[in-house]
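Hi,

Here is the structure I said I would pass on. Have a look at it, and then read my notes below.

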Amino acid sequence: MPVQQAAPLLNTLRGSSTISLPRMLLRSLRHRRARSFSALAALTVSALVATALLTLYADLNAKLHHEFRSFGANVVLTASATPGGTDPAAPAPGSQLDDPATLARIRSAAGSDVLAVPIAYAVATTDRGTPVVVAGIDFAAAEALDSWWKVDRWPTSPDTALLGTRAAGFIANEKAVTLTYAGKPLTLRGGGRLRTGGDEDARVYMPLASFVRWTGVPASVVELQIPGGAARVDAAVDALRQNFPDLRVQPVRALVAGESRIVDRTHALLFGAMALISLTVAVSVLATLSASVLERRRDFALMKALGASQAQMLLHFLLEALLIATAGVVLGYILGSAVAWAIGLENFGTATLPRLSLLPVVLLLNVLIAAAAALLPARALRGLQPAALLKGE
Amino acid sequence: MFWRLLWESFARQRRRKLLAGTAIFLGVTAVTAMLGLATTIGNRIHLELAVYGANIVVLPKADTLEVTVGEQTLRPTTGNATLHESDLTKLRTIFWANNITGVSPELRTPLEVLAEGRGKTEIEALGLWFDHPLQAAGTPSLVTGARALHPSWKLQGRWPADKLAGKLDPESKDALSVETAVGSRLAARLNLHVGDTLLTAVPFPDADPPFVPLNLTLRVVGIVSAEDATDNTVLLPLALVQQIANTPDAVSRVEISATTKPEDAFARRDPDTLKPKDRDVWYCRPYANSIAYQIREAIPGAQAEQVRQVEQAEGTILGRISGLMWLISAAALLAAAVAVSAAMATAVLERRAEIGLMRSLGASKARVAALFYAEAGLLAVVAGTFGYVAGSVLAVLLTAKIFGGGVMLTHAFLPVLLPVVLAVALLVALAGSTPSIRGALRLDPNVVLRASA
């Protein structure tokens, strides 16, 4: 009976044209549009998730290290080579740390993307006679380096001072701040308060150039912000120590170590999340696809009755799955890159750019899932009796 | 009849139900785990960021400024006001007391020591708590101190004990033996090693008020490397430094580590200019500013400030990482929803013949739909509950694996999540089956039955 049923079908197929693999594939996909669509949706989602997570994962290092710059300097260069010296504010002879040539040498040793901010310190007395640390700094550089400083407005003119919130309590006239260093008085305009909760609160900050003109004390400290992880900082510290043997180069260890730890843990966290989500999606896709293969036992039986070998039929299912998988990757890669881009923009303020290098990985993943979905039910299909199935038993 | 159909459908088609159930189970597992991670990540990252030290610092309202640049105190501050150590228990009674995870008071005093082969040397003694219990009446005890506040300090040997063996007695001939840890640079200068002793049997000649002659034997039990000014000091129990400096109960600075909510525009408002209602809201949010404000209220003569370098950067990083987790949770939810919908759709599609049969036997469309929805709903609730349990456990295991620390299964289950994930599972399962059910019902039963005969 099954053979008789099948014969007319075969004739119609022959009548229109010969049976070719691409034709059969195309027909099979078009004929069951709803099912093909649901398989495509599942494989698109799996490619989307893989692309989005892998793109974010690959970009996480750069993004997180960027965020850690808000902690400020991670390496400090100090001119006074002997700690606890008699006058620590006085720099070691011969080292002009605010000299443009020195700064250029620092940059060439540590890297051109390094932020280097020279600072000079001196102890002056306020108009109330209280000793206070006065620091000379380039305000534009300080604003870039010390993003946590709470400043009403950054001063721009060369004769404006920024008063630490506790130091301000010891200054009688905040509009015209008079400071005396080594008998030399200087009156600066008060440019608002500085609030940090740290040592800075007890200091008065003023532009470096005016500071040097007033006190004659050059910068004794350079604060450096070296972007990147611990390895980069260590390399830069070694280079600086070689180039400046008379300076003390000290990494802010808590910052450097903490940054690496947190970046590593976030990496691990994202990796865990990625594995979990990918597994979920993969298994769901597998379930969906293999169910739809199982459901087509009748097609299978028919093809078998028409003389197709087991291998030929498997090839058919495999090719069908691969075709859908590839289409899914194309769609999923585009959508996934868009999702990663949006998450990067939303969360980190800078977009995560698509990575073409991930495409083969995503393709491989998807093809593996699709192939597994097509081949897993093969065992169940092998024991099939075409005659019995086609008869409806 | 309805219930029997429902029951039979589960009993006969175990394999198909298992497939759809697995999809829902895994989807709910992933979503629960991600949500569990996203909600607890804040505390974990805060603990990680604790290496950066205190985020709130308490100073006495001073009459002089400290003159410090980097590691060097350019001019020692004299006649400084101090806080009272006994007032620190009040930190356990403020509104956000439970958010305070670490407290470390300190007091500094100059000290002359006799080191072997170097004669008299003046050094700075830094009085600290190492592992000190802090407890107010009726509150749980918090064991805290410099160790907890400075996880990045490297220690060779061990920390000194907080408890003193006796009282510093000027009349006594016997030296009081005390444990100390020495800063690494001072240790290098004085050539000290773990196990060495330092003697302080020297009176201060020019001290005002005159000091009693000290008779101490400092046993070095640890060498501390902090890579800051601490490396040039000897670390002693706070109680001893108070006796040496003859200022009982005094502390000059208190570092506090607190779990805070990242600062937003509202946090930056000045509470004293807010309306009473807004002020209460401000007060009852764990901003660093409001905790500092409460500390100022609790401790007389205190000036509490957030350490902006730590607090601001922590806020940024915490916000970024938990934001990332929330967004990925949302993505996981979406992906799981689509995957589960696809699985549900397939499950209905393959049962078209059954629908046709039921319809031809006289079942109304509504009844058939009700049966299929009931199946999907039952599956969602059962698989969803299992998924919730698995996801919760997975979140805890993942956290323990990544951040270390023990696995605490008792804290794994967030009861709030269960209704949320179940509702999502139900919604997704029902929504996922709807197009296929509608499609199957629209078909003529005759055609379906013939096609599949």
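Before the notes, one cut-off: I call a residue buried if 20 or more other C-beta atoms lie within 10 Å of its own, exposed if 12 or fewer, and partly exposed in between, with C-beta atoms placed from the backbone. As for the ground rules, this is a predicted model, where local features need pLDDT of at least 70, side-chain atom pairs count only at pLDDT 80 or more, and totals for chains, interfaces and linings use all residues. Residues are numbered from 1 along each chain as its sequence is written, while chains are lettered from A and ligands numbered from 1 in the order in which they are written.

A:Leu368 counts as exposed because it has 12 other C-beta atoms within 10 Å.

Next, the two chains together. In all, 67 residues of chain A are in contact with 64 residues of chain B (contact: C-beta atoms, placed from the backbone, within 7 Å). Helix 8 of chain A gives the most to the side that touches chain B, with 24 residues.

The largest nonpolar core has 226 residues, and B:Ile24, B:Ile56, B:Val58 and B:Ala339 have the most contacts inside it. By core I mean a set of buried Ala, Val, Leu, Ile, Met, Phe, Trp, Tyr and Cys residues joined through C-beta atoms within 7 Å. Leaving out residues up to four places away in sequence, B:Ile24 touches B:Val340, B:Leu379 and B:Ala425, among others.

Finally, confidence: the model scores ipTM 0.73 and pTM 0.74. Chain B has a mean pLDDT (the predictor's confidence in each residue, from 0 to 100) of 81, and 88% of its residues reach 70 or more. Within chain B, strand 3 is lowest at a mean of 57, and strand 13 is highest at 91. Where pLDDT is low, the predicted coordinates should not be read in detail.

Cheers

Notes. Helix = DSSP H or I, 4+ residues; strand = E, 2+ residues; numbered from the N terminus. Contact = placed C-beta atoms within 7 Å.
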